[in-house]
Structure formats: C-alpha cells, structure tokens
Amino acid sequence: MIRLKNVSKTFHLKGNHKTIANNMTMNFPQGKSIALLGRNGAGKSSLLLMIAGAIQPDSGTIEIDGTISWPVGFMGSFHRDLTGAQNARFLARVYGVDTDELLAFVEDFSELGNHFYQPVHTYSSGMRSRLGFACSMGIHFDWYLVDEVTAVGDAAFKEKSEMIFRERMENSSAVFVSHSLGSVRRVCNAAIVLEKGSARYYRDIEEGIERHERNMRLAHPG
C-alpha cells in the first residue's frame with residue numbers, strides 16, 4: 001500500500017503559487033491498477049514524482065510497502081550521455097537484476113534497433129519513453145508508476161505495451177497517469193481524482209471517470 005499522510009505541496013513561481021496537495025491523506029490499495037485523473041495542472045505528474053521520492057512534499061509523509069519503479073516517462077530517469085544499453089545495464093546493477101536478461105528484454109521490447117547503442121541525448125522523446133517503459137517492465141516491482149507512456153509509438157507498439165502492462169498487473173500494483181480514457185479503461189480498475197489540492201478514491205473506475213469528466217465540464221462550461 002502507498003499511504004499519504006497530511007501531505008501538502010505548493011509550487012511558487014514568479015509571484016504565483018499552485019497548490020497540488022492540501023493536507024492530503026490518501027491510501028493507494030495494493031493489488032490495484034489505479035488511474036490518477038485530474039485536469040491539466042491538477043498535479044498528477046507532480047504527485048507521481050512525490051510518491052517516487054523525486055520531489056519532496058512541503059509537509060506530511062508518504063509511506064510505501066514494497067518496491068517501487070521510477071516514474072516511467074520521466075526524462076530524468078536516464079543519463080543523457082550514456083547509450084540506451086549502458087543505461088539499462090546501470091539500472092540492472094542498481095536494482096539487483098540479471099544484466100544480460102534485462103539488456104535482452106529492453107533491446108527487443110523497445111524496438112530501438114541500432115539506436116539502443118547510441119547516446120540517449122540523440123533520442124527523440126518517444127524513443128526515450130520507449131526505453132524507459134521497456135526498462136521498467138523488464139524489472140519486477142511491487143508498484144509501477146506510469147506517466148503517459150503507453151501512448152507512445154504506433155498502434156502495434158501501444159497494443160504490445162498495454163498487453164505487458166496488464167501482464168505485470170497480475171502480480172503487481174500501479175499508479176497510472178494518462179489523458180487517454182480509453183487506455184485508462186483498458187488497464188485500470190480503480191481511480192483517484194485530483195481536484196484543487198484534494199483527492200478522492202473510487203473503487204469503480206467508471207465512477208472515477210464520471211467524476212473526472214464532470215470536473216472537466218465545470219472547468220470548461222459550454
């Protein structure tokens with residue numbers, strides 16, 4: 001389980017401030033693929049980064065049972081001057097998995113071809129996302145943090161990505177951020193809706209999507 005206890009976070013920029021968590025207390029149950037829904041700017045990606053430990057809350061605590069992935073889709077995951085293969089090898093050492101097995105899986109799944117052996121700074125954003133997704137799926141975590149990456153690539157790659165994601169969810173849990181409600185419906189079975197620094201958990205994915213769509217209509221009437 002992921003537990004947020006009285007978590008607050010406000011960003012300050014050029015005299016403006018944006019609160020994405022206002023004394024938020026929330027449990028993310030184990031054994032679920034949870035869609036994190038909210039309007040643009042609601043703080044979905046920032047909350048994902050706080051759960052990962054990449055940014056710190058202003059106050060409160062975040063507790064996690066089990067192992068957790070980095071936020072897949074977060075470009076800070078890789079060293080830009082190393083090749084895709086070297087980054088995968090580094091991750092294998094960090095997470096204590098078989099290097100050869102991870103390299104073989106990532107090279108095959110990412111479909112990067114010769115680019116796998118080129119520096120990451122030469123990659124397009126889509127290529128980096130495919131590398132990140134492949135590395136993450138190649139390591140077995142209790143929790144996967146996923147930010148929009150199943151939208152990367154052509155239809156065949158998207159289908160392959162969703163298939164392996166659902167396969168991992170047979171034994172793991174996930175927090176999944178996507179603007180594609182079609183993807184959310186296919187891979188998630190619960191939802192958390194963010195709105196104005198607060199969050200609410202929905203056991204029924206359709207109920208969560210309905211709440212999210214209502215928030216979107218209120219924000220953009222007509």
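This is a predicted model: local features need pLDDT of at least 70, side-chain atom pairs count only at pLDDT 80 or more; totals for chains, interfaces and linings use all residues.
Q: Good to know! How many aromatic pairs does that rule give?
A: The count comes to nine aromatic pairs. One of them joins F116 and Y117, with 5.2 Å centre to centre and 75° between the planes, an edge-to-face arrangement.

Q: What about F141 and Y144, how do their rings sit?
A: Their ring centres are 5.6 Å apart and the planes stand at 90°, so this pair is edge-to-face. Both F141 and Y144 are buried.

Q: Which residues do ring pairs link into a cluster?
A: That would be W70, Y95, F141 and Y144.

Q: Y95, where else does that residue turn up?
A: Y95 also belongs to a nonpolar patch on the surface, together with F90 and V94. The three share about 270 Å² of accessible area.

Q: Nice. Where is F90, then?
A: Look in helix 2, which covers residues 84-95.

Q: Why does F90 count as partly exposed?
A: Its relative accessibility is 44%, and partly exposed means in between under 20% (buried) and over 50% (exposed).

Q: What comes just after helix 1?
A: There you find G53, which takes a positive phi of about 90°.

Q: New topic, cysteines. How many disulfides are there?
A: Zero, going by the rule that a pair of cysteine sulfur atoms must lie within 2.5 Å.

Q: Are C135 and C188 buried or exposed?
A: C135 is buried, with a relative accessible area of 0%. C188 counts as buried too, at 7% relative accessibility.

Q: Last one: which charged residues lie over the face of a ring?
A: K9 lies over the face of F11, at 5.3 Å from the ring centre. R130 lies over the face of F157, and there the distance from the ring centre is 4.9 Å.

Terms used:
Residues are numbered from 1 along each chain as its sequence is written. Side-chain values use heavy atoms; hydrogens and water are left out. Patches are made of residues with over 30% relative accessible area and no salt bridge: like charges are joined within 9 Å, nonpolar side chains (Val, Leu, Ile, Met, Phe, Trp, Tyr) within 5 Å. Accessible areas come from the Shrake-Rupley method with a 1.4 Å probe; for residues, only the protein chains shown count as cover. A salt bridge is a side-chain nitrogen of Lys or Arg within 4 Å of a carboxyl oxygen of Asp or Glu. Helices (H or I, at least four residues) and strands (E, at least two) are DSSP runs, numbered from the N terminus. Buried means under 20% relative accessible area, exposed over 50%, partly exposed in between (1.4 Å probe, protein chains only). Rings of Phe, Tyr and Trp (its six-membered ring) pair if their centres lie within 6.5 Å; planes under 30 degrees apart count as stacked, over 60 as edge-to-face and the rest as tilted. A charge sits over a ring if NZ of Lys or CZ of Arg is within 6 Å of the ring centre and within 35 degrees of the ring normal.
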